[in-house]
Amino acid sequence: MVKFIHTADWHIGRKLQGKDLLEDQQVVLENLITEMKKINPDFLIIAGDLYDRSVPSKEATTLLQELLVKINIECNIPIFAISGNHDSRERLAIGEAWFSKHKFYLHTRLEQAFDKLSYEDADIYLLPYFEPFEVREHFEDATLTTHNTATKRVIDEIYKNLDTNKTNILVAHTFVSGGLETDSEREISVGTVENVAVGVFDRFDYVALGHLHNPNAIKEERLKYSGSPMAYSFSEASQTKGMRLIEVTKESYSEEFIQLKQKRKLHNISGSYEEVLTKEFQLNYDCKNDYFSMELSDLEGITDPLPRIKEYYPNTLILKQKRNTGIDNEVKLDREMLTKSPLQLIEGFYNEQTGSELTDGQKKILVNIIDKVNQDETN
């Protein structure tokens with residue numbers, strides 16, 4: 001049996017509505033280390049998006065290095081990690097050879113996914129984030145045009161050398177079908193065409209996923225998102241944040257979600273302007289410390305209400321007028337758009353404007369352009 005911690009989506013260097021979260025991240029991730037010391041796991045898995053930007057700040061780089069040294073060197077805990085869609089592969093890969101000497105295994109390139117890493121009776125496969133064009137080039141197969149077909153081709157290649165007598169663990173950063181999104185994940189792509197089917201992974205004993213920030217984004221026993229260790233948008237305000245403790249063999253599986261103590265909470269407030277200024281209302285919140293998004297009525301005729309709000313709620317990051325009409329239609333439209341791929345959105349727009357359909361040649365050109373954009377963003 002192996003016992004390990006599954007975490008992901010640290011997003012070090014993240015900002016919330018322009019507010020630097022580095023101090024909050026340090027507190028939460030120090031709490032993660034404290035909890036991990038109590039557990040003494042065999043190893044730690046980080047399923048992508050260590051940084052929030054491909055070019056992180058000096059302060060973000062310093063914080064990540066300090067955290068990894070504490071875990072890997074001071075606590076002597078092996079780390080198995082991958083790059084996510086927010087990370088710069090080149091920056092993360094610096095020092096890769098040195099890392100592995102200290103049992104810190106960080107994979108950033110597609111071809112590394114086929115090289116299994118062994119820990120006692122477990123084989124671990126680290127599949128970093130990739131775009132479909134990379135898989136097309138690797139296998140010289142032009143039919144691999146979606147994340148689902150590309151991921152299936154990669155996983156089928158891994159299956160060729162899978163030792164079924166071992167406990168097989170996959171670490172990946174992707175959007176698995178059925179996952180629930182929040183506002184803070186940068187889109188891998190828009191639409192269900194880019195989702196990866198759950199069945200692609202059915203021969204692994206555990207799949208440690210990153211990308212979606214909700215730990216309950218998918219309901220599968222041995223395939224889990226850890227979620228982010230802290231909330232990165234107000235749509236995540238009600239989510240429990242933490243890490244997963246996994247114990248797994250070929251025959252048995254158990255898990256525990258360990259909640260992490262936060263420096264600040266996020267709150268979505270809906271009410272009237274006068275109501276939020278009352279002492280009775282403020283008793284429900286840590287007003288001077290927490291982050292607030294407020295949608296308030298009765299703002300008509302009030303000149304610049306934000307300074308007054310901030311006297312009581314200094315970390316108010318969003319203030320908007322409460323609306324009573326049109327919201328349902330706007331939400332419905334947003335949800336419809338999220339079910340379409342970039343090509344489908346362009347096709348719909350073209351049809352609406354011209355009354356005709358795109359030709360096969362036009363579609364082919366658009367697919368190549370979309371792939372080129374994805375390639376540029378990855379690089």
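**Figure 1. The whole protein at a glance.** Accessible areas come from the Shrake-Rupley method with a 1.4 Å probe. Calculated this way for this predicted model, the accessible surface of the protein comes to about 18600 Å², and carbon and sulfur atoms hold 47% of that area. The protein has 379 residues, and 50% of them count as buried. Its fold contains 12 helices and 16 strands.

**Figure 2. Helix 1 beside helix 2.** Here we look at helix 1 (residues 22-39) packing with helix 2, their axes 11 Å apart and at an angle of about 5 degrees. Because angles under 35 degrees count as roughly parallel, helix 1 is described as roughly parallel to helix 2. On the helix 1 side, the contact is made by Leu22, Gln25, Gln26, Leu29, Glu30, Ile33 and Met36. Helix 2 answers with Glu59, Ala60, Leu63, Leu67, Lys70 and Ile71.

Figure 3. Staying with helix 2 (residues 58-74), we find Val69 in it. Val69 counts as partly exposed, because its relative accessibility is 39%.

Figure 4. Glu255 and Arg244 form a salt bridge, with 2.6 Å between the closest N and O atoms. Glu255 belongs to strand 13 (residues 253-259) and Arg244 to strand 12 (residues 242-248), so the pair ties together parts that are 11 residues apart in sequence.

**Figure 5. A salt bridge between two helices.** The side chains of Glu347 and Lys363 meet in a salt bridge, at 3.2 Å from N to O. This pair links distant parts of the chain, with Glu347 in helix 11 (residues 342-354) and Lys363 in helix 12 (residues 360-378), 16 residues apart. Lys363 counts as partly exposed, with a relative accessibility of 28%.

Figure 6. Lys160 forms a salt bridge with Glu157, and their closest N and O atoms are 3.1 Å apart. Lys160 counts as exposed at 57% relative accessibility, whereas Glu157 counts as partly exposed at 23%. Elsewhere, salt bridges link Arg14, Asp52 and Arg53 in a network.

Terms used:
Residues are numbered from 1 along each chain as its sequence is written. This is a predicted model: local features need pLDDT of at least 70, side-chain atom pairs count only at pLDDT 80 or more; totals for chains, interfaces and linings use all residues. Side-chain values use heavy atoms; hydrogens and water are left out. Helices (H or I, at least four residues) and strands (E, at least two) are DSSP runs, numbered from the N terminus. Buried means under 20% relative accessible area, exposed over 50%, partly exposed in between (1.4 Å probe, protein chains only). Axes are lines fitted to C-alpha atoms, for helices over the stretch in contact, and angles run from 0 to 180 degrees between N-to-C directions. Angles under 35 degrees count as roughly parallel, over 145 as roughly antiparallel, 65 to 115 as roughly perpendicular and the rest as oblique. Contact means heavy atoms within 4.5 Å. A salt bridge is a side-chain nitrogen of Lys or Arg within 4 Å of a carboxyl oxygen of Asp or Glu.
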